[in-house]
Amino acid sequence: MRKIIHITDIHLVPEGQIVVGMDPRQRFEQVIQTINKRHADTDYCIISGDLTDRGDIESYLLLEHLLDNLEVPTGLMLGNHDNRAHFRTVLSGIPVDGAGFVQNVVDFGDLRIILLDTLDDENAGTGILCKHRLAWFSARLAEATSKRICVFMHHPPRSVGLPWFDNMMLEQTDGFWQLIDSNSNIEHIAFGHLHITTTGRWDRVSFSCNRGTCHRIALGFGKDSIEFVNSEPTFDIITISDTGVLIHHTAPIIEEDIIAREYSTADGKGRIELLCRDTRASMVE
Ligand SMILES: [Fe+2]
Ligand SMILES: [Fe+2]
């Protein structure tokens with residue numbers, strides 16, 4: 001089994017600044033701490049874009065600094081809030097393709113993870129896979145026809161049924177879907193960008209979107225407005241095994257918030273050990 005962590009939309013800003021009332025750094029650090037403590041056995045962690053809120057050098061320097069504390073191997077991708085030049089200036093060691101797009105593959109035995117760069121430098125909201133990037137994607141698929149493929153990208157390549165987002169997806173998707181349709185070994189597509197958590201299946205390919213570590217958008221089916229919600233940061237743990245692909249949606253665990261532990265017992269009833277005196281009192285009542 002392979003264990004992949006999907007983090008997205010961390011929207012870092014320079015020290016002392018906030019994003020819609022939230023501190024992106026503090027929220028991302030909660031995720032890092034939980035991964036280090038509870039998921040150190042992760043094979044690979046992917047942060048799928050909107051690494052920063054405004055694409056400034058200072059925020060990428062902050063990202064570089066914070067990543068020093070993340071103890072699992074990590075790949076970085078770009079989103080529409082990012083600036084490719086600034087990203088590459090600071091994080092110069094991150095692999096890029098021959099044309100400088102932040103695209104890469106990571107192989108684990110018979111599993112290939114493909115990270116795509118869908119940042120459209122000309123358009124703030126929508127994503128693009130230009131001819132070059134599409135050709136690169138096609139070549140990486142062609143050399144891995146015997147592998148299982150999992151694709152990561154920032155922008156969703158198809159509607160998830162929420163009208164507000166339908167004009168901020170990947171554009172010109174014909175070439176992308178031709179490759180998906182003609183490569184039956186592609187099993188899963190993971191993306192971010194929407195700030196909403198949703199999973200499902202398009203034809204034979206499953207997909208997952210994590211709402212990220214920064215601002216959550218309230219689920220709604222209207223198209224005139226959206227609401228930002230102050231909720232806990234989240235990330236997904238994707239496990240890929242012989243039986244399929246599983247998405248475990250989760251959030252940081254603050255150790256002081258653990259109120260009880262249950263242990264298995266021979267009679268099957270289990271034994272609960274309460275950890276917090278205040279909680280014990282209220283549960284007795
Ligand atoms: Fe975002
Ligand atoms: Fe985005």
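Predicted model: local features only at pLDDT ≥ 70, side-chain atom pairs only at ≥ 80, totals over all residues.
To start with the overall layout, the protein splits into two domains: domain 1 covers 2–253, and domain 2 covers 256–285. Between the C-alpha centres of domain 1 and domain 2 there is a gap of 37 Å.

One sheet is open and has 5 strands, and reading across it gives the order 3-2-1-12-13, with mixed pairing. Its edges are strand 3 (74–77) and strand 13 (244–250), each of which pairs on one side only. Going from one strand to the next, the twist averages 20 degrees. One pairing to look for here is Ile 237 with its bridge partner in strand 13, His 248.

Next comes strand 7 (residues 186–191), which is mostly tucked away, with 5 of its 6 residues buried. Strand 7 pairs with strand 6 (residues 148–152) in the parallel sense, over 4 bridges. To get from strand 6 to strand 7, the chain goes through helix 5 (residues 174–182), making a right-handed β-α-β crossover. Phe 152 has Ala 190 of strand 7 as its bridge partner. Strand 7 also pairs with strand 9 (residues 205–209), again parallel and over 4 bridges. In that pairing, Phe 191 sits opposite Cys 209 of strand 9.

Phe 152 turns up again in the largest nonpolar core, which has 55 residues. The members touching the most other members are Met 77, Ile 114, Leu 116, Val 151 and Phe 152. Leaving aside residues up to four places away in sequence, Leu 116 touches Gln 103, Leu 129, Arg 133, Phe 137, Val 151, Phe 152 and Met 153.

Finally, two residues stand out for their backbone angles. Most residues other than glycine have a negative phi. Asp 9, however, has a positive phi, near 50 degrees, and Val 20 has a positive phi of about 35 degrees although it is not a glycine. Asp 9 lies in the loop between strand 1 (2–7) and helix 1 (24–38), and Val 20 lies in the loop between strand 1 and helix 1 too. Are these residues buried or exposed? Asp 9 counts as buried because 27 other C-beta atoms lie within 10 Å, and the cut-off for that is 20 or more. Val 20 has 12 C-beta neighbours inside 10 Å, so Val 20 counts as exposed, the limit being 12 or fewer.

Terms used:
Residues numbered from 1 in each chain as written. Chains lettered and ligands numbered in written order. Domains from an automatic or database assignment. Core = buried A, V, L, I, M, F, W, Y, C linked by C-beta atoms within 7 Å. Contact = placed C-beta atoms within 7 Å. Helix = DSSP H or I, 4+ residues; strand = E, 2+ residues; numbered from the N terminus. Pairing = 2+ DSSP bridges. Right-handed = clockwise from strand over helix to strand, strands pointing away. Axes fitted to C-alpha atoms, helices over the stretch in contact; angles between N-to-C directions.
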